[in-house]
Amino acid sequence: MEEILNDGWFFEYFTDNAKFGIKIKEHLVDTKSEFQKIDFYDSYEYGRFFTLDGFIMLTERDEFIYHEMIVHVPMAVRPQAKRVLIIGGGDGGAVRELVRYPGIGHIDMVEIDAMVVKLCREYLPLTAGKLDDPRVQLFFEDGAAFVKNAKEKYDLILVDSTDPVGVGEGLFSEEFYRDCFAALSEGGVLINQHESPYYEGDAIEMERAHKKLSAVFPVCKVYQFHMPTYASGHWLFGFASKGAQPTVFDEQAWNALGIKTKYYNTELHKGCFALPTYVKERLEKAKG
């Protein structure tokens, strides 16, 4: 739920009793696609940002955190990845980080809402500016159906989805995770947007996702990052694989690539899998 007050503040409600506010300069886009409400704003503190159905998807100021962590953690573990599938990711940020790896030969991005991509190209060019890379193929269709019918195997699948409501709901089902398992190559890795452990509604969705992933993948871990504009600022990704362990990687080899980052580094990579006790307890309870 969102609210724009007369004095120019955007608010996103994290719960019925907690909200986050950004003072806006201008409401740039106010529209609806076939699938969802889409708004773009310009703000004083976070630059341009956009929302889907009233929820912040990214801001110019902090999007690098999310996109570096969804891409560079698995790429450090799976540096030989050649074929990558992104489910969602219409803002283009994951593609921007992936095309920095010369070894990647092909990226399929499946985004259900073409209007999101169109508007991000126009209003967020620093995020969406690599969608025209020749290695990238865009598909505007349902991601769950695409994976179910996938003929090719992928070395890495990134589920860069919205929350598990509306158009994103099908990307949190056990059936979807089983289809992803089938679509991965033998050493393949799946990364999924894993919600937050802090507010109860988000934490319940975190538990549900972890339980479903754990029923499908032999390796199922969770790592954390700090996202100022997401609910509570404490957010998670899931790391699932057929065998690859997320903290077993060649640190020197990744650093030798010379990829300049603002958030990710190989020390952080090792540390981000060390979770607070309350999060570990909820994840263990979810697995049963």
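**Figure 1. Lining of the second largest pocket.** In this predicted model, α7 (200–214), β12 (219–226) and α10 (277–287) each contribute at least two residues to the lining of the second largest pocket. Helices (H or I, at least four residues) and strands (E, at least two) are DSSP runs, numbered from the N terminus. The second largest pocket holds about 320 Å³ of space. It is lined by 16 residues, and those closest to its centre are Cys 220, Lys 221, Val 222, Leu 275 and Glu 284. By class, the lining comprises eight nonpolar, four polar and four charged residues (charged: Asp, Glu, Lys and Arg; polar: Gly and the others not counted as nonpolar, which are Ala, Val, Leu, Ile, Met, Phe, Trp, Tyr, Cys and Pro). A pocket is an open set of points on a 1 Å grid where a 1.4 Å probe fits, with protein on both sides within 12 Å along at least five of seven lines; lining residues have an atom within 4 Å of a point.

Figure 2. Seven strands, ordered β9-β8-β7-β10-β11-β13-β12, make up an open sheet of mixed pairing (pairing requires at least two DSSP bridges). Because β9 (136–139) and β12 each have a single partner strand, they stand at the edges, and one side of each is left without a neighbour in the sheet. From one strand to the next, the twist averages 15 degrees. Within the sheet, β7 (residues 83–88) and β8 (residues 106–110) run parallel and are joined over five bridges. Ile 86 has Met 109 of β8 as its bridge partner.

**Figure 3. Helices packed on the sheet.** Helix α6 (residues 174–183) packs on the sheet and touches β7, β10 (154–160) and β11 (184–193) (contact: heavy atoms within 4.5 Å). The direction of α6 makes about 145 degrees with that of β11 (angles run from 0 to 180 degrees between N-to-C directions). Helix α7 lies across β11, β12 and β13 (234–241), at about 150 degrees to β12.

**Figure 4. Two loop residues with positive phi.** Glu 195, in the loop between β11 and α7, has a positive phi of about 70 degrees although it is not a glycine. With a relative accessibility of 1%, Glu 195 counts as buried (under 20%; exposed is over 50%, partly exposed in between, with a 1.4 Å probe and protein chains only). Ser 232, also not a glycine, has a positive phi of about 75 degrees and lies in the loop between β12 and β13. Ser 232 counts as partly exposed, at 31% relative accessibility.

Residues are numbered from 1 along each chain as its sequence is written, and side-chain values use heavy atoms, with hydrogens and water left out. For this predicted model, local features need pLDDT of at least 70 and side-chain atom pairs count only at pLDDT 80 or more, whereas totals for chains, interfaces and linings use all residues.

Methods: Grid points are joined across faces, edges and corners, and a volume is the space filled by probe spheres set on the points.
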